[in-house]
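Please consider the sequence and the structure shown here. The paragraphs that follow lead through selected features in turn, beginning with a pocket.

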Amino acid sequence: GSGYAPRRMMIGGMVAFWSARLGAHLLVRVASHHPVEDGRYRALREKWKSNLNLKFLVFFELQALLVVVLSVPFMLIASNPSPQIRGFEWIGFALWIAAFAGESLADYQLRNFKSDPVNQNRVCQSGLWRYSRHPNYFFEWLNWVAYFAFALATPFGWITLYCPILMFFFLYYLTGIPATEEHSVQSKGDEYRRYQRSTSAFIPWFPKRS
C-alpha cells in the first residue's frame, strides 16, 4: 500500500510475526509426524471415498481463495494515508499481543504435555487447556478480532467484520473444533468425553465441577 509508512510497518510486523510463529509451529508438528498423515485428512479420505484427487484439489484451492478474502483488512490498512496511529489501532495492537501470547502459550503447553511418554493418548487439562478445550483456536480467532479492530481506524475498515465472523464459523463449526473433537473422542475415549462435559469448547472459562 501507499499509506502512512509507520502504520504499514506496524500491521506488516503483526502479520509477519503471527505467520512466522504459526508456520514454524506447523512445520515442526508436520515434520514430527511424517510420514503419518494428519488424522483429520484420513477422516476426509474415508468420508469422500472416491475422486480424492479432485476433492482435495478443490479443498485446498478454496483455502487459497480464502487467503485472498482474508487479506482485505491488510490492504485497506496499508492504504490509509492518515499520519497518525489512532485509538482503534492501539486497541487492535493490544488485542493482537494478547492473541499472539495466548496462542503461543497454548501450543507450547500442549506440545510440552505430549512430549512426555506418560501422557500418550491422555487429555491435556493443564494451563490454558484447563479453561478451554481449544484455547489455540480461541486465540487464533482473537487474532482476527484484533485485525478488525485495527482496521476500524481506516475508511471502510468496518466492512472487515466478516473476517472474525468467517474465522469463527470455520473454527467452531467446520474445519476446526468438529474434526478435532471427533478425532479426540476416537483416540482418547471416555476421558475426553468427561473433558467435554466439564470444559468450555472455545471461550476460556472456569471448568464445571464433576
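The lining of the second largest pocket divides into 3 nonpolar, 4 polar and 6 charged residues. The model examined here is a predicted one. In total, 13 residues line this second largest pocket, and those that lie nearest its centre are Q125, R194, S198, T199 and K208. The volume of the second largest pocket is about 220 Å³. Such spaces can be located because rolling a probe the size of a water molecule over the atoms shows where empty space is left.

The overall architecture may be considered next. The secondary structure of the chain consists of 9 helices and 0 strands, and along the sequence this reads as the pattern α-α-α-α-α-α-α-α-α. Along its principal axes, the C-alpha trace spans about 55 × 45 × 25 Å. The chain has 210 residues, of which 37% count as buried.

Helix α5 covers residues 87-114, and at 1.5 Å a residue its 28 residues should span 40 Å; the C-alpha atoms at its ends are 41 Å apart, which agrees. Which residues of α5 are buried? They are E89, G92, W96, A99, G102, E103, A106, D107, Q109 and F113.

L26 counts as partly exposed because its relative accessibility is 35%, a value between the limits of 20% and 50%. Between L26 and K55 there are 29 residues of separation in sequence, and the C-alpha to C-alpha distance is 23 Å in space.

Aromatic rings form another theme. A search of the whole structure finds 31 aromatic pairs. One of them is formed by F138 and F139, whose arrangement is edge-to-face, with 5.1 Å centre to centre and 75° between the planes. Both F138 and F139 are buried. Another edge-to-face pair joins Y192 and Y195, with 5.5 Å centre to centre and 70° between the planes. Y192 and Y195 both belong to helix α9 (residues 190-198), where they are 3 residues apart, about one turn of the helix. An α-helix has 3.6 residues a turn, so residues three or four places apart point the same way. Y192 is buried, because its relative accessible area is 4%, and Y195 is likewise buried, with a relative accessible area of 2%. Ring pairs also link residues into a cluster, which comprises F138, F139, W141, F168, F169, F170, Y172, Y173 and F202.

Most residues other than glycine have a negative phi. N121 is not a glycine, yet it has a positive phi of about 60°. N121 is located in the loop between α5 and α6, and it counts as partly exposed because its relative accessibility is 48%. F156, which is not a glycine either, has a positive phi of about 65°. Where is F156 found? F156 is in the loop between α6 and α7 (162-174). Is F156 buried or exposed? F156 is exposed, because its relative accessible area is 60%, and the exposed class begins over 50%.

How values were computed
Residues are numbered from 1 along each chain as its sequence is written. This is a predicted model: local features need pLDDT of at least 70, side-chain atom pairs count only at pLDDT 80 or more; totals for chains, interfaces and linings use all residues. Side-chain values use heavy atoms; hydrogens and water are left out. Rings of Phe, Tyr and Trp (its six-membered ring) pair if their centres lie within 6.5 Å; planes under 30 degrees apart count as stacked, over 60 as edge-to-face and the rest as tilted. Buried means under 20% relative accessible area, exposed over 50%, partly exposed in between (1.4 Å probe, protein chains only). Helices (H or I, at least four residues) and strands (E, at least two) are DSSP runs, numbered from the N terminus. On a 1 Å grid over the protein atoms alone, a cavity is a set of points where a 1.4 Å probe fits but cannot get out, and a pocket is an open set with protein on both sides within 12 Å along at least five of seven lines; lining residues have an atom within 4 Å of a point. Grid points are joined across faces, edges and corners, and a volume is the space filled by probe spheres set on the points. Ala, Val, Leu, Ile, Met, Phe, Trp, Tyr, Cys and Pro count as nonpolar, Asp, Glu, Lys and Arg as charged, and the others, Gly among them, as polar. The expected span of a helix is 1.5 Å times one less than its number of residues.
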